[in-house]
Structure formats: structure tokens, C-alpha cells
Amino acid sequence: MNTRFMSGFALTLAAIVISFTPATPAQAEALTLTDIAGREVTLPETPGRIILGEGRMMYAIAAISDGNPFEHIVGWKDDLVQFDPDAFRKFETAFPADAERMINFGNPYAGDFSIEAVLEADADLVLLDSGNLFKAEETGLIEKLDKAGVPVVFIDFRRNATENTVPSLLILGRVLGEEKGAAAFIDFYIAEMKKVANVVDNIPAEERPLVVIENAAGWQPDFCCWSFGPYNYGRFVELAGGKNFASTLENAYSVTLSMEGVIDADPDHVIGTGANWAEAKPEVTSTLLGYEGDPAVNAEKIEALAARPGFAELRAVKDGNYHSIYHQFYNSPYHFVAIQQIAKWLYPDDFEDLDPQDTFNRLHDKFMPYEASGQFWLSAN
Amino acid sequence: MTQITESPTVGDIVATYRRRSLLRVALVAGAALALFITVLIDVITGPADLSFFRVAHVIFQPGVATPKEDVIIWDLRLPVAIMAVVVGAMLGVAGAEMQTILNNPLADPFTLGLSSAASFGAAVAIVLGWSVLPGIGALFVTVNAFAFAMVASMGLFLFTKLRGVSPEAMILVGIAMLFTFNALLAFLQYGASELQLAQLIFWQLGSLARATWAKVGICVVVLAVVLPYFLSKSWALTALRMGEDKAAALGVNVNGLRLMVLAGVSLLSAVAVSFVGAIAFVGLVGPHIARMIVGEDQRGFLPLSALAGALILSGTSIASKAITPGIVYPIGMITSLIGIPFFVSLILSQRKRHWQ
């Protein structure tokens with residue numbers, strides 16, 4: 001016992017000593033880490049040419065990078081360009097040459113993500129999101145890349161967003177050589193998360209309001225509703241002190257609700273997610289939230305969403321508790337902003353002094369390579 | 001040992017015919033009653049706890065409803081319940097006539113690739129954002145699905161015009177289209193995002209949740225045009241089932257009839273799948289159930305196929321709500337589960353071959 005403690009202590013000491021050794025950039029030193037899928041991965045050296053399985057991983061990379069977040073990135077999937085064009089243009093303005101040189105590798109789980117293209121790009125690491133681990137195994141993508149000598153590391157900001165964000169940031173910090181940036185961002189993340197958790201912990205279960213999350217409200221103009229079980233936005237609601245309706249029905253990531261079930265449940269709040277999908281899908285009726293979100297446009301959009309058949313008669317809608325929030329918080333480490341705003345909607349008195357917009361601005365001032373702008377949430381009248 | 005049967009008298013024949021007609025009417029009436037009951041159950045069940053009398057009151061006296069009841073019954077439950085009936089009937093009729101003109105027990109809108117064409121059309125809209133008719137807004141997924149299904153059946157139409165209308169050729173071209181569109185669909189699915197995939201799944205497995213009164217209206221109009229036409233051709237279609245040569249000898253223009261019926265069937269299936277997505281099984285099994293009960297005479301077979309299709313889909317609508325109240329399941333995966341036990345029990349209880 002004692003010796004184990006001592007050896008553990010010695011190891012810790014050694015670790016501290018090592019971490020104080022000045023790091024030389026791009027050192028040829030093997031790096032072994034355990035990724036979010038629980039796989040142990042050894043990188044022969046600090047990677048310098050990384051492919052992102054999702055472009056939206058840039059949200060996290062930009063937040064922890066000191067300087068140019070594109071420095072080690074050679075390509076991505078164009079989901080950021082397609083589904084969050086506002087954020088993409090922010091990156092484009094800040095780093096025009098880098099945004100230009102990004103190679104679109106397409107969907108890593110589809111046929112168009114070719115191993116050849118990965119080798120052609122001379123990549124030395126592929127970052128995938130763990131929500132698709134099963135698919136990656138099924139299609140043999142990991143094996144093929146392994147054979148080609150390109151390691152794969154899984155991170156996750158979506159499936160178990162709140163649980164996996166800190167470990168994912170730690171992993172990103174290590175593979176990008178941005179440990180300091182990651183640590184600083186994690187401190188910020190924890191502090192902001194605790195602002196809500198410390199208050200919500202004291203609220204008894206029976207006093208928690210019932211909340212319906214509508215995933216991508218208006219994506220399908222004639223259909224309601226996709227929701228989240230106790231994952232992602234469903235979990236955000238729970239952490240913000242709400243009772244998530246879909247969690248009471250099914251323990252699944254994605255749950256399809258019936259409108260009648262929603263009406264019968266008589267929720268206290270309905271929260272739809274929205275983003276600027278209008279460029280990729282002009283027929284959407286969603287609120288176009290994001291860095292270019294226009295309050296006047298979104299005010300009209302949210303009124304139309306709240307007036308859809310079935311919604312118009314909901315108590316939540318009549319009481320002014322139909323809200324809309326930026327969809328992409330669901331796949332980014334900034335979800336603490338969403339949790340703060342949801343908490344403020346659910347408990348306006350308890351969180352009177354909490355200012356999520358200020359949190360969002362401070363996030364940008366401290367960590368992001370661009371300024372905050374646009375609109376990220378609103379409520380219907 | 002030979003047995004000499006006495007030739008029946010005229011009176012016997014007339015009596016037998018009357019009995020058969022009466023039985024046919026009774027069977028159709030019985031099926032209609034069963035359908036009425038399933039629709040009733042469909043309307044009174046749902047996550048919201050509304051009693052039978054309350055529902056009836058709201059339906060017959062809409063003024064008494066609270067806004068909540070009004071939305072639940074008039075906007076949510078009734079369109080879905082009626083859509084299930086109308087679409088089920090459309091698929092049943094489409095399957096029945098496809099089996100008749102192609103003389104093949106496996107023919108239905110699925111086998112001929114019309115459903116997969118519609119699914120592909122929807123996928124083109126969902127994944128690529130391409131619209132056949134630009135600027136029609138929210139309806140463009142539906143319009144795309146319809147356009148692709150019609151193009152597929154027009155392709156079939158043209159092919160049969162070119163090569164002569166042999167049923168084998170039509171079936172084979174249909175199957176070729178089925179595989180082509182499925183392959184194209186798989187291509188699009190590969191590149192789809194999370195939300196697009198979720199949307200596609202509901203298209204491929206079918207859903208009544210998008211039903212509105214306007215869509216119900218369109219379906220009713222199409223059925224009201226096509227079904228009477230088919231009924232008016234009853235005797236010719238019945239003759240066709242006795243064999244092409246016999247039908248021709250009886251004065252039926254076989255090729256002309258095939259093309260007209262194919263056009264009607266295409267319209268029925270294209271409209272149905274473009275509103276509710278691809279629903280397997282109903283168009284195939286509905287007619288078989290009807291055939292086992294009343295035989296080939298189109299005057300009984302056609303209405304009963306429509307009713308059998310409507311019954312299957314109406315039952316499915318009830319089941320899809322009952323699994324977990326508050327959650328919507330795609331109905332395509334339930335149609336088979338509901339229909340198969342009944343279908344298998346019918347096959348097992350039939351002594352004679354029902355397809356000749």
C-alpha cells in the first residue's frame with residue numbers, strides 16, 4: 001500500500017518534472033493516448049498534417065489554439081461550410097489563405113473518403129467523431145487507415161457532449177501541442193458550467209419544469225418533431241434544471257415525438273434549435289441563428305414556428321415560452337452557453353444575474369480568433 | 001369410375017349466381033364495417049386521454065371543442081386516420097390491377113420500382129436540394145417524389161410501347177428500375193448528413209404523420225377518378241385473368257387495356273408514395289387477401305382489395321401509436337408485422353391454389 005503510494009507519488013513527480021521540461025515544437029517523440037472510443041493510440045510524432053472527420057471540430061480547435069487554428073489541418077468534411085456558413089465565413093475572414101487550402105475529404109463514412117486521397121494529402125492523423133465509431137468499424141475505415149500508417153483518434157462533442165467535452169479537449173490539446181490553451185479553455189468551461197450546476201443542484205425534481213426540445217425546428221416544414229433523449233440538447237435541458245420530455249419516453253439519442261404527445265404533455269417550455277441552413281436548404285423555415293443572425297428576420301421566423309398547427313395552442317407558446325437556440329451548440333464545446341441560456345429561460349429569477357450573452361462575448365474575447373456577432377437565441381412573443 | 005353430372009337447370013344457375021352476388025355484397029359490406037371500426041379505434045386512441053363520447057361529440061359538434069381538443073382531433077387524428085384509409089385503398093387497388101394486367105402474383109408498386117423511384121426523388125430533394133419545379137417551397141420533396149415516380153412509370157410505358165406489351169418484359173423492366181433507383185438512393189444516403197438521414201428514413205419506411213386535409217383531399221380525388229374507371233373495366237379485367245387469348249377472343253383490346261390500367265396504377269401509386277413515403281406490403285398483400293376471399297371476379301375483387309389495403313394501413317396506424325405513446329414510429333416497418341400473420345394464416349387455411 002505504502003510502496004504503491006510512494007511509487008505513484010514518484011510517478012506524479014516525474015510527470016510534473018517532464019511537463020516542466022521545455023517542449024520543442026514538432027518534436028520527434030512518440031505520443032501515446034487513449035481516445036474517446038477507449039482505444040489506445042500511439043502517434044509516432046506530434047502530427048503536423050491532420051484531417052478532420054467533421055469541419056465543425058474547428059469550433060474546439062479554434063478555442064484552444066494559440067495563433068492560427070488551421071496550422072496543422074490539411075482538410076475536413078465540408079459540413080461547416082454547408083450547415084454553419086456564418087461560422088465558416090468568420091474563419092474565412094480571419095484566415096483566408098487557410099480556409100482556401102482546406103481539402104474537402106467528404107464524409108469519412110462514405111465511399112468518397114478515399115484512403116488514397118488521405119495518403120495523397122500526406123496526412124499523419126485523422127480525427128473522427130465517436131458518434132460514428134460503429135460505422136467506422138463496419139466500413140473498415142480504421143483498419144484501412146491503420147494499414148496505410150495513418151492513425152485515427154476519436155473525439156466527441158455531440159453524442160455524450162457534456163461528458164466527453166473535457167477529455168476531447170485534453171486529447172486535442174495533446175495532438176495539436178496546445179495543452180496550455182486546452183487547459184485554459186477547460187478552466188473557463190468548468191467555471192461557466194458550474195454557474196448553472198451550483199444553483200440547479202438545489203432544485204428538487206418535482207419542481208423542475210417540463211421542456212420539449214425540437215431538434216432542427218423547421219428543417220422539415222411539414223413535420224414535427226425530432227427530439228433528443230437524455231443526450232445532447234436533452235442532456236443540456238436536464239443540466240439546466242429542466243425535465244426533458246423525450247427522456248421520459250425513450251433512452252435514445254434521437255426520439256421522434258408525435259405532435260399529439262407533445263400537446264398532451266403540456267410542456268412548460270418548448271425549445272427549437274435553428275441555424276443558418278437556408279443557404280444549403282432554401283425551403284427551411286428555421287430560425288437562422290448564428291454569427292450572421294438578423295434579429296428582425298429571426299423574430300418573424302420564430303413567430304411562424306410558434307404559430308404552426310398544434311403549437312399555437314400550447315400553453316408554453318401562449319405564455320411566451322417558445323424559444324429558439326443555435327443548433328450548432330450541439331456539436332461544439334461552447335454548449336455551456338446554451339445551458340446557461342436554457343437555465344435562464346427556466347428560472348429567470350434564480351439566474352437574474354447570469355448573462356449568457358456576456359459569457360459568449362468573453363468566450364470570444366479570450367479564446368476565439370474572431371469577434372462575437374449575430375444572434376444565437378431568442379424567444380417568441 | 002366416372003361420374004356423370006347432371007347438367008344444371010337454368011333455375012339452378014340463376015340461383016347460384018344470385019347467391020354468389022349476395023355473398024359478394026355481404027363480404028364487401030363486412031369488410032367496410034371492419035374498416036369503419038378500425039378507423040373509429042384509430043380516432044379515439046392516442047397519447048391524449050380523450051373518451052369515445054368526447055371524441056364523437058367534437059366530431060359531430062365541432063363548436064364544443066377546446067382549442068386543444070380541436071387541434072388533436074381535427075388537425076392530428078382525423079387526417080391521419082383518413083389518410084391511412086385512402087392511401088391503403090390506393091395501394092390495394094394499384095397492387096390488384098398490377099397483378100391483373102401483368103398476370104403475376106408478385107407485382108405491386110414496389111416490384112415495378114415506382115416506390116423506389118419516389119424515394120429517390122425525395123432523396124434528391126432532401127440531400128442535394130434539387131427541385132423538379134423550382135420555387136414551390138415546402139412541397140418540393142413531395143413534388144420531386146411524385147415526378148420521379150411518374151417518370152419511372154412513363155419509362156415503363158414507353159418501353160412497353162417500343163417492345164410490345166408482354167407482361168414478362170414489363171416485370172423485368174420494373175425490376176431493373178427498382179434496382180437502379182435503389183442503387184442511386186444508396187449513393188445519396190452515403191453522403192447525407194445526420195438530419196438528412198433521419199429525414200430519409202421516414203421517407204423510406206413511410207409515415208402518416210405528415211397527413212393534412214389538403215393531402216387527404218388530393219388522394220381522395222385521385223382515387224375517385226381512377227377507381228370508377230377500373231370498375232367500369234371490371235369485366236374486361238376479369239376476362240384478362242382467364243388468359244390473354246381468351247380475353248382477346250371476348251373482344252378485349254388487351255394492349256390498350258394494359259396501357260390505360262398502367263397509367264391509372266402509376267397515378268395511384270405515385271400520389272400515395274409521394275405523400276406517405278414508401279410503404280411496403282400493402283399493395284402486394286391486400287389484393288391477395290381479397291382474392292382468397294372472393295376470387296377473381298373484379299366486381300368483388302377490386303372493392304375488396306381496396307378495403308383490405310385500407311384495413312391493413314388503418315390497423316398499422318393504430319399499432320404505430322400504441323407501441324410507445326408519444327413516439328412516432330415509421331409505419332412501413334409495422335405494415336409487414338401486422339399483415340404477415342393474417343396473410344400466412346390465410347395461405348395455410350386455403351386448400352386450393354389461389355393463383356391460377
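A crossing of two helices is left-handed if the near helix is turned anticlockwise from the far one by less than a right angle, and right-handed if clockwise. The legends below describe a predicted model, in which local features need pLDDT of at least 70 and side-chain atom pairs count only at pLDDT 80 or more, while totals for chains, interfaces and linings use all residues. Residues are numbered from 1 along each chain as its sequence is written, and chains are lettered from A and ligands numbered from 1 in the order in which they are written.

View 1. Helix α3(B), residues 67–102, packs against helix α11(B), residues 254–276, at an angle of about 150 degrees with the axes 9 Å apart (helices are DSSP runs of H or I with at least four residues, strands runs of E with at least two, numbered from the N terminus; axes are lines fitted to C-alpha atoms, for helices over the stretch in contact, with angles from 0 to 180 degrees between N-to-C directions). The two helices are therefore roughly antiparallel (angles over 145 degrees), and α3(B) passes α11(B) in a left-handed crossing. On the side of α3(B), the residues that meet α11(B) include B:Met83, B:Val87, B:Met90, B:Leu91 and B:Ile101 (contact: C-beta atoms, placed from the backbone, within 7 Å), whereas α11(B) contributes, among them, B:Arg258, B:Val261, B:Leu262, B:Leu268 and B:Phe275. By class, this contact of α3(B) with α11(B) holds 16 nonpolar, two polar and two charged residues (Ala, Val, Leu, Ile, Met, Phe, Trp, Tyr, Cys and Pro are nonpolar, Asp, Glu, Lys and Arg charged, the others polar).

**View 2. Five strands of chain A make an open sheet with parallel pairing.** The strands of chain A follow the order β5-β4-β3-β6-β7 (pairing: at least two DSSP bridges). Strands β5 (103–104) and β7 (152–155) of chain A stand at the edges with a single partner strand each, so one side of each has no neighbour in the sheet. Strand β6(A), residues 125–129, is joined to β7(A) in the parallel sense over four bridges, and in β7(A) the residue A:Val152 stands opposite A:Val126.

View 3. Helix α9(A), residues 161–176, lies across β6 and β7 of chain A and runs at about 145 degrees to β7(A). The axis of α9(A) also comes within 8 Å of that of α10(A), residues 179–200, and the two cross at roughly 160 degrees, which makes α9(A) roughly antiparallel to α10(A); this crossing is right-handed. Among the residues of α9(A) that meet α10(A) are A:Thr165, A:Val166, A:Leu169 and A:Arg174, and the partners in α10(A) include A:Glu179, A:Phe185, A:Ile186 and A:Tyr189. The contact of α9(A) with α10(A) divides into eight nonpolar, three polar and two charged residues.

**View 4. Chain A touches chain B.** The contact takes 32 residues from chain A and 26 residues from chain B. The elements that give two or more residues to the chain A side are α3 (79–83), β11 (254–256) and α12 (259–265) of chain A, and the largest share, five residues, comes from α12(A). By class, the residues of chain A that touch chain B comprise 14 nonpolar, nine polar and nine charged.

Notes. Contact = placed C-beta atoms within 7 Å. Parallel < 35°, antiparallel > 145°, perpendicular 65-115°, else oblique.
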